[in-house]
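Please look through the sequence and the model shown below before reading on.

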Amino acid sequence: MTLREFLSDRMGRLALRLICAGLAALFLFATGTQPGILVILLLVYLLVFVAGQIFDFFRQCAYLRELENIWDGLDQKYLFAECAPPPKALYERRLFDLTRRAGRAMTGAVSDAEASQREYREYVERWVHEIKAPITAARLICRDLDGNTRRKLTAELAQIEANIERALFYARAENPEQDCLFRQIILGEIASQAIENHRSLLIQSGVRVEAQNLNDTVVYTDEKWAVFILGQLLQNAARYRGAEPVITLSAKPLGKQIQLVVQDNGMGIPAHELSRVFDRGFTGSNGRSRGGSTGMGLYLCKKLASFLDLGLRIISREGEGTIMELTFPAKENLTKL
């Protein structure tokens, strides 16, 4: 708080006190008090008044500094009202008490919301694991069907599994640190797992996947989350494929960093939509024309990439294809390793 702010806040009270002092001086003068005595009384009053205001100014500044130090030292800022010392003035204490009661009510509401959200995430995770049993049974039943029907049904089941996996990772994305393990891993292993997870979709879509320099490249990341991100990129490339679709996976060193480039020759993305592809729920013109898009895949990729310290960039031209660049950080730059 500056002196100007302090005086501006008290301007009305200061003016009222000066007016009262002036009226008192006029009354004393009218009743016969000598001018010299009036001057002395006014000077004494002004000195006491100014000293009181200076003392009040420094007292409030010290109190505000104390509050700011408490605020800066708190990890959970919503507990500020509980930790802050109450003011000394009665009116301010009453306001502070109301603020503290409001903070406690908000803390209770937040705790209830967090508990409800946690229960929902746990339910989604249990549901995902339970639903895998009938899907596995359906895959076994597919073996007794003829070739064409089996391929179509297997592809649909693979799509169901992909959507279920997305729901699971979406539920876990709120607290990814609870299920995260950073370690050294070969980039080719991440690519192999992602391709295997979506093999049915890639085969049905007639997509050819080419890998370059992946088995000789080591990155530092969480394997499961990285496989999920790459899997989402492969799904998008297969869904928005062009004629004779090809997906190329290549590794490119960037100093101590490693960049995984996922390039396809598909439909591409219109230039005016590129800035929104990572927005939650954005499907774009391609998603609306092909159908079945939720607008959650790239949103999740961006969110998880941010947690993993991965750089995620998209380059695309409509009708020519899309390039997704996934940049893995150097080991010494990882904040969560």
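**Briefing on the predicted model**

Gly73 has a relative accessibility of 61% and therefore counts as exposed, where exposed means over 50% relative accessible area, buried means under 20%, and partly exposed is anything in between, using a 1.4 Å probe and protein chains only. This is a predicted model, in which local features need pLDDT of at least 70 and side-chain atom pairs count only at pLDDT 80 or more, while totals for chains, interfaces and linings use all residues. Residues are numbered from 1 along each chain as its sequence is written, and side-chain values use heavy atoms, with hydrogens and water left out.

**Helix H3 and distances along the chain**

- Gly73 lies in helix H3, which covers residues 35-73; helices (H or I, at least four residues) and strands (E, at least two) are DSSP runs numbered from the N terminus.
- Between the C-alpha atoms of Gly73 and Pro35, which are 38 residues apart along the chain, the separation is 57 Å.
- Phe49 is also found in helix H3, and with a relative accessibility of 12% Phe49 counts as buried.
- Setting aside neighbours within four places in sequence, Phe49 is in contact with Leu14 and Arg17, where contact means heavy atoms within 4.5 Å.
- From Phe49 to Gly295 there are 246 residues in sequence and 66 Å in space, taken from C-alpha to C-alpha.

**Nonpolar cores**

- The largest nonpolar core has 47 residues, and those with the most contacts inside it are Leu187, Leu230, Leu249 and Leu260; such a core is a set of buried Ala, Val, Leu, Ile, Met, Phe, Trp, Tyr and Cys residues joined through side-chain atoms within 4.5 Å.
- Helix H9 (residues 223-239) supplies the largest share of this core, namely ten residues.
- A second, separate core has eight residues, including Val124, Cys142, Leu157 and Ala171.
- Apart from neighbours within four places in sequence, the contacts of Leu187 are Leu214, Thr217, Val219, Ala251, Ile258, Leu260 and Phe328.

**Helix H9**

- Of the 17 residues of H9, 15 are buried, so this helix is largely enclosed by the rest of the structure.
- Gln232 has its place in helix H9 and counts as buried at 2% relative accessibility.
- When residues up to four places away in sequence are not counted, Gln232 touches Arg166, Gly297 and Cys301.

**Aromatic rings and a charge**

- How many aromatic pairs does the structure hold? There are four, and rings of Phe, Tyr and Trp (its six-membered ring) pair if their centres lie within 6.5 Å, with planes under 30 degrees apart counted as stacked, over 60 as edge-to-face and the rest as tilted.
- The rings of Phe169 and Trp225 have centres 5.1 Å apart and planes at 85°, so this pair is edge-to-face.
- This pair links distant parts of the chain, since Phe169 is in helix H6 and Trp225 in helix H9, 56 residues apart.
- Phe169 and Phe228 form a stacked pair, with 4.0 Å from centre to centre and 10° between the planes, and both Phe169 and Phe228 are buried.
- Ring pairs join Phe169, Trp225 and Phe228 into a cluster.
- The charged end of Lys302 sits over the ring of Phe278, 5.1 Å from its centre; for this, NZ of Lys or CZ of Arg must be within 6 Å of the ring centre and within 35 degrees of the ring normal.

**Helix H11 and strand S7**

- Eight of the eleven residues of helix H11 (residues 297-307) are buried, so H11 is largely enclosed by the rest of the structure.
- The buried residues of H11 pack against helix H6 (147-172), H9, strand S6 (311-317) and strand S7 (321-328).
- Just after H11, Asp309 takes a positive phi of about 65°.
- Ile323 is found in strand S7 and counts as partly exposed at 23% relative accessibility.
- Neighbours within four places in sequence aside, Ile323 is in contact with Val261, Val262, Gln263, Arg313, Ile314 and Ile315.
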